[in-house]
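Hi everyone, thanks for coming. Let me put the structure up on the screen, and then we'll walk through it together.

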Amino acid sequence: MQAAASLQGEVIDHHAMHDGTAFDHNRSVMRVYPHDGVIAYDEPKPAVRDVVRSGTVLFRGLTFTEGGRIEGTAFAFKKGCPPAPYPVTGGYSRDNATITLRGAGPIRKGCDVVGYSEKSPHAVLRFKSMISAGDYGDI
């Protein structure tokens, strides 16, 4: 797997990863790679394209499976600032159509992280499957 670090954070090559599944996250298309423990932007929505690009890693953690606990590091992005990492945990919904990750998200003053809060807009990350139920195959 090739990855590059930048002000945008870690950027992966989608072609070098195991098959990813498309999920929606706040109107951005994400790719979830359970075997690699990665969730990355595939098609960022227009409002964030000046901050992240296709391949930017939003979450990196341990390998995860349906029904299992997901844990790792999420990244909060702000234009002109380095990504702010923070720990999150969560898992799939009962129907495996949604992944929810929770953790105290960063609070910034300028680019500096000055604290973490459960009330941060980054404290709950929700990813909704873009494929129909029953079409999951082996995750």
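This is a predicted model: local features need pLDDT of at least 70, side-chain atom pairs count only at pLDDT 80 or more; totals for chains, interfaces and linings use all residues.

Residues are numbered from 1 along each chain as its sequence is written, and side-chain values use heavy atoms, leaving out hydrogens and water.

Okay, back to the strands. The names I'm using are DSSP runs numbered from the N terminus: helices are H or I with at least four residues, and strands are E with at least two. Strands E9, residues 98-102, and E12, residues 124-129, run antiparallel and are joined by 5 bridges. For two strands to pair, DSSP has to find at least two bridges between them.

Now zoom out. What do the strands build? They make a closed barrel of 8 strands, in the order E3-E4-E5-E6-E7-E8-E9-E12, and the pairing is antiparallel. From one strand to the next, the twist averages 35°. That angle is taken between axes, meaning lines fitted to C-alpha atoms (for helices over the stretch in contact), and it can run from 0 to 180 degrees between N-to-C directions.

Next, the nonpolar cores. A nonpolar core here is a set of buried Ala, Val, Leu, Ile, Met, Phe, Trp, Tyr and Cys residues joined through side-chain atoms within 4.5 Å. Buried means under 20% relative accessible area, exposed means over 50%, and partly exposed is in between, using a 1.4 Å probe and protein chains only. The largest core has 22 residues, and those with the most contacts inside it are Ile-39, Phe-64, Ile-99, Leu-101 and Phe-127. The elements giving two or more residues to this core are E4 (28-33), E5 (38-43), E6 (57-61), E7 (69-76), E8 (84-92), E9 and E12. E8 supplies the largest share, 4 residues. Apart from this core lies another one, of 6 residues, including Met-17 and Tyr-33.

Let's pick out Leu-101. Contact, for us, means heavy atoms within 4.5 Å. Leaving aside neighbours within four places in sequence, Leu-101 touches a whole list of residues, among them Ile-39, Phe-59, Val-88 and Phe-127.

Thr-98 also sits in strand E9. Is Thr-98 buried or exposed? At 18% relative accessibility, Thr-98 counts as buried.

On to the disulfide, which is a pair of cysteine sulfur atoms within 2.5 Å. There is 1 in the structure, and it joins Cys-81 to Cys-111, with 1.9 Å from S to S. The link between Cys-81 and Cys-111 is left-handed, at -75° about the S-S bond. Cys-81 is in the loop between E7 and E8, and Cys-111 is in the loop between E10 (105-109) and E11 (112-117), so the pair ties together parts 30 residues apart in sequence. Cys-81 is buried, at 4% relative accessible area, whereas Cys-111 counts as partly exposed at 35%.

Arg-27 has a phi near 75°, which is positive, in a residue other than glycine. Arg-27 lies in the loop between E3 (21-25) and E4, and counts as exposed at 65% relative accessibility. Asn-96 isn't a glycine either, and has a positive phi of about 65°. You'll find Asn-96 in the loop between E8 and E9, where Asn-96 counts as buried at 14%.

Last topic: aromatic rings. Rings of Phe, Tyr and Trp (its six-membered ring) pair if their centres lie within 6.5 Å; planes under 30 degrees apart are stacked, over 60 edge-to-face, and the rest tilted. The structure holds 3 aromatic pairs. One of them, Tyr-41 with Phe-77, is edge-to-face, at 6.4 Å centre to centre and 75° between the planes. Tyr-41 is in E5 and Phe-77 in the loop between E7 and E8, so this pair ties together parts 36 residues apart in sequence. Tyr-41 and Phe-77 are both buried.

For Phe-64 and Tyr-92, the centres are 6.3 Å apart and the planes are at 55°, so that pair is tilted. Finally, Phe-59, Phe-64 and Tyr-92 form one aromatic cluster.
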